[in-house]
Amino acid sequence: MTTRVVGLDGDDTLWHSEGHYITTTERLGELLAPYLDDDGSDLDHARAVQHLTEVERRNLARFGYGVKAFTLSMIETAVEVSGARVSASEIQRILDWSKELLDHPVELIEGVQETVDRLAGSYQLLLVTKGDLLHQESKVARSGLVERFESVHIVSEKDPATYNRVLAGTGVAPQEFVMVGNSVRSDVLPVLELGARAVHVPYHTTWALETVEGELPAEAAHLDRIDELPEFLEST
Ligand SMILES: [Mg+2]
């Protein structure tokens with residue numbers, strides 16, 4: 001069966017995302033470093049950032065993905081790292097950063113517009129993305145790409161059961177589906193498990209909790225840039 005339907009991930013596949021989180025994490029590190037040591041050194045900064053990753057990891061199953069989960073984990077990190085000394089005005093700063101993240105303009109990754117335009121002429125396109133429902137809806141709307149997609153699926157986890165539900169709901173067989181995204185953990189492995197194809201298009205940076213050990217499975221394809229996708233799909 002040939003590929004008829006292409007699934008595309010949103011964050012760090014179609015538009016920039018992780019860089020904004022990294023900038024905010026750096027700000028939190030600067031805010032909290034003085035609580036760890038009087039000199040606020042780089043080492044203290046790194047410890048604060050590492051603590052945030054640990055808090056995010058333990059909160060993931062409860063809070064899920066997205067800016068609001070990230071914000072709660074930043075506040076929890078601030079309370080823990082400061083030994084409950086963090087001030088209300090510092091918590092307010094964290095909330096302000098969170099609003100900046102939510103309001104940030106959607107910046108498409110280079111080549112995305114042309115690629116999506118071209119793919120839409122030959123394939124049915126599905127957007128499959130996870131995170132805060134409201135924020136993802138807003139990003140999809142602001143991306144200018146929404147009309148190219150047959151359907152948009154904002155999910156709370158990208159596992160085989162979720163992909164199975166999306167495919168069953170849209171009447172797509174795994175053999176005619178290919179998923180394209182920057183995360184091996186979310187966009188590649190669960191899709192391969194269903195017997196569909198997957199194309200990994202890495203972003204220059206990956207969130208610690210999205211990284212997986214080991215190499216890309218042999219069944220998955222790898223492209224350096226998303227604009228290589230139309231030719232790749234035509235040739236395979
Ligand atoms: Mg992504």
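1. A84 is an exposed residue in this predicted model. The assignment follows from its relative accessibility of 59%, because exposed means over 50%. A84 sits in the loop between α3 and α4. Its phi is near 65°, a positive value in a residue other than glycine.

2. A88 belongs to helix α4, which covers residues 88–103. A88 also counts as exposed, with a relative accessibility of 65%. A distance of 22 Å separates the C-alpha atoms of A88 and N59, and these two residues are 29 apart along the chain.

3. Although D12 is not a glycine, it has a positive phi, of about 65°. D12 is located in the loop between β1 and α1. Its relative accessible area is 8%, and D12 is therefore buried, since the limit is under 20%.

4. The next point concerns the metal site. Which protein residues donate to the magnesium ion? They are D9 through OD, D11 through O and N182 through OD1, at 2.1 to 2.2 Å from the ion. Along the chain the donors follow the spacing D-x1-D-x170-N. D11 and N182 link distant parts of the chain, being 171 residues apart. D11 lies in the loop between β1 (5–8) and α1 (18–36), whereas N182 lies in the loop between β4 (177–181) and α8 (184–193). Both D11 and N182 are buried.

5. Helix α2 comprises 22 residues, 42–63. At 1.5 Å a residue it should span 32 Å, and the end C-alpha atoms are 29 Å apart, so the two values agree. The helix has a kink of about 35° centred on R57. Just after α2, G64 adopts a positive phi of about 75°.

6. Several residues of α2 are buried, namely D44, H45, A48, L52, V55, E56, N59 and L60. The elements that cover these buried residues include α1, α3 (67–81) and α8.

7. The largest nonpolar core contains 25 residues. Those with the most contacts inside this core are V6, L8, L14, V199, L229 and L233. At least two core residues come from each of β1, α5 (112–120), β2 (124–130), β4 and α9 (229–235). Another core, of 18 residues, lies apart from it and has Y35, V67, F70 and W97 among its members.

8. L233 deserves a separate remark. Which residues does L233 touch, not counting those up to four places away in sequence? They are V6, L119, Y123, V178 and R197. Of these, V6 is also listed with L233 among the residues with the most contacts inside the largest nonpolar core.

9. Domain 1 is given as 5–16 + 107–235, and domain 2 as 18–103. The centres of domain 1 and domain 2, taken over C-alpha atoms, are 29 Å apart. The contact takes 17 residues from domain 1 and 14 residues from domain 2.

Methods. Residues numbered from 1 in each chain as written. Predicted model: local features only at pLDDT ≥ 70, side-chain atom pairs only at ≥ 80, totals over all residues. Heavy atoms only, no water. Donors = N, O, S within 2.8 Å, 3.2 Å for Na, K, Ca; no water. Helix = DSSP H or I, 4+ residues; strand = E, 2+ residues; numbered from the N terminus. Buried < 20%, exposed > 50% of the residue type's maximum accessible area, 1.4 Å probe, protein only. Expected span 1.5 Å × (residues − 1). Bend = angle between axes of the 7 residues up to and from the residue. Contact = heavy atoms within 4.5 Å. Core = buried A, V, L, I, M, F, W, Y, C linked by side-chain atoms within 4.5 Å. Domains from an automatic or database assignment.
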